[in-house]
Amino acid sequence: MSRGNVSRRLLGGLLALAALMPSAAFAASVDNLRLWAAPDHARLVFDLSSSAEANVFSLDDPRRLVIDLADTRLAADVERLDLEGSAISDVRTGVRDGDDLRVVLELNREVEPRHFRLAPNEQYGHRLVVDLEYPGESAVEDPIDPIEAMIRDQEIAADRAQAQARVQGRDVVDSAPVQEPAQPHPKRDIIIAVDPGHGGEDPGAIGPSGTREKDVVLEMGRRLARKINATEGFKAVMIRDDDYYVGLRQRTRIAREQKADFFVSIHADAFRSPRPHGSSVFALSQSGATSETAQWLAASENRSDLIGGVDGNLSLDDKDEVLRGVLLDLTMTATLNDSLTIGGQVLDRLGRINDLHKPRVEQAGFVVLKSPDIPSLLVETGFISNPDEERRLQQPGYQDRMMDAVFGGIRAHFRRNPPPASLLAWQRDQGRGTGGNEYRIQPGDTLSEIAARHGVPVAQLRQANELNGDVIRVGQVLQIPRS
Ligand SMILES: [Zn+2]
């Protein structure tokens with residue numbers, strides 16, 4: 001990639017000369033520049049020798065962003081910055097007013113700039129962070145309504161309609177017959193959100209020989225996604241698919257936006273001493289879940305708390321606080337139960353290829369596990385601080401076996417409990433893999449079609465199930481007689 005030009009090289013040469021001059025005159029220097037390109041933003045980080053005032057403003061024709069740093073000199077090589085995949089097409093630098101540094105970013109698209117300073121931490125010193133957000137390309141819509149988002153498939157909608165009908169004293173069985181025209185079963189894929197931890201600015205844990213958690217978990221996440229996508233009835237969504245940081249709340253939002261059925265975050269543990277080792281699996285703690293319920297409730301106070309069903313809306317507006325809390329609690333408890341069940345399956349399989357750090361699924365208040373309606377797990381694949389595990393975590397074969405274990409646990413659960421509109425549910429109801437002669441009625445089914453599909457005369461099907469007419473309901477289990 002050719003980003004440099006003659007005048008820029010000249011300027012670079014002058015700056016290199018300037019760098020050789022005594023630096024006592026400058027309050028700060030830019031020692032390094034780092035760029036992270038995410039789908040919805042780019043983050044440019046200036047590593048500074050000390051804190052520096054920055055003035056950031058946009059200019060048009062051509063579109064560019066100017067970053068002025070008072071009393072600062074450049075001691076980094078701008079040429080080495082890899083701009084690929086970012087909104088920045090070129091970087092120019094110059095000196096203003098004798099001792100101020102001007103950095104000009106040439107932009108190939110509209111951006112919304114934001115900047116802030118960061119104080120030193122264990123990893124880095126003083127930093128100036130410039131974020132270029134891409135309008136209209138946010139990975140998620142914001143704000144989200146957690147309650148509305150909770151209603152994701154027809155079964156839940158049907159449950160709500162039934163609840164409402166009960167409240168209104170209607171008999172839901174007769175009031176919700178399934179008639180023509182028949183709708184095909186959606187046979188949708190079960191969506192697994194794969195979340196490699198950390199990324200970009202945040203390297204995660206670092207092993208004794210320098211292995212970074214963010215790198216090995218990205219590799220493992222990609223392996224896991226490939227396995228999921230290669231399996232009929234499943235589809236993977238990567239929460240992070242490169243070396244950039246995604247906020248913790250945003251990770252769960254992306255999962256929701258992508259209508260994930262399950263969320264799994266991949267990590268590698270670290271400890272002060274090299275001794276601890278082994279894999280562990282975390283679900284949300286009950287206390288975390290409980291306080292989170294309160295938080296979701298608070299956040300949804302001023303939004304339209306409408307649960308939109310397919311053909312019957314249940315408004316929570318006129319229910320009291322306690323009932324709303326109970327409904328959310330029930331959802332979160334069910335979600336947590338699923339998380340623990342799947343976690344057990346995953347842990348069981350991990351235990352066949354690695355020592356387990358703890359013998360059962362642990363529970364903690366990790367933010368990424370706090371979706372009220374998406375079962376979620378955090379897998380600590382091993383201790384990167386343990387030299388042996390650090391070595392193994394980098395091996396492709398080992399990564400592969402670990403991810404086989406993770407997906408194996410998830411797959412086993414969903415084969416047993418497929419979401420109603422999924423391909424796996426449809427296959428189960430066709431009697432595949434179960435060997436049963438029962439059929440559970442799906443949205444859009446008609447009696448004649450079910451009879452035809454199973455090669456049974458309608459009259460015989462009706463008789464076997466003591467049906468009078470053609471009215472059937474979703475969820476009803478029919479006995480399929482042998483013809
Ligand atoms: Zn981690």
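A nonpolar core is taken here as a set of buried Ala, Val, Leu, Ile, Met, Phe, Trp, Tyr and Cys residues joined through side-chain atoms within 4.5 Å. In the predicted model, the largest such core has 58 residues, of which Ile192, Leu224, Val264, Val346, Val406 and Ile410 touch the most other members. Helix α10 (residues 396-416) supplies the largest share of this core, with eight residues. Because domain 1 (6-133) and domain 2 (156-416) both give residues to this core, it lies between them. Leaving aside residues up to four places away in sequence, Ile410 touches Ile192, Phe262, Val264, Ile342 and Val346. Another core, of 30 residues, lies apart from the largest one; Val78, Leu83, Leu101 and Val103 are among its members. In soluble globular proteins, nonpolar side chains tend to be buried together.

The protein chain as a whole contains 13 helices and 19 strands. Its 483 residues include 48% that count as buried. Among contacts between residues at least 6 apart in sequence, 72% join residues at least 24 apart.

Two aspartates were examined individually. Asp47 is part of strand β2 (residues 41-48). This residue has a relative accessibility of 11% and therefore counts as buried, the limit being under 20%. A polar contact of 2.9 Å links the side chain of Asp47 to the side chain of Arg34. Arg34 is also one of the residues that Asp47 touches when those up to four places away in sequence are not counted; the others are Ser29, Val30, Asp31, Asn32, Tyr124, His126 and Arg127.

Asp243, by contrast, is located in a loop, between β11 (234-238) and α6 (248-257). Its relative accessibility is 22%, so Asp243 counts as partly exposed, a class that lies between the 20% and 50% limits. Beyond its neighbours within four places in sequence, Asp243 is in contact with Trp36, Gly199, Gly200, Lys214 and Leu218.

Methods
Residues numbered from 1 in each chain as written. Predicted model: local features only at pLDDT ≥ 70, side-chain atom pairs only at ≥ 80, totals over all residues. Heavy atoms only, no water. Helix = DSSP H or I, 4+ residues; strand = E, 2+ residues; numbered from the N terminus. Buried < 20%, exposed > 50% of the residue type's maximum accessible area, 1.4 Å probe, protein only. Polar contact = N/O pair within 3.5 Å; in protein donor to acceptor, adjacent residues only side chain to side chain. Contact = heavy atoms within 4.5 Å. Domains from an automatic or database assignment.
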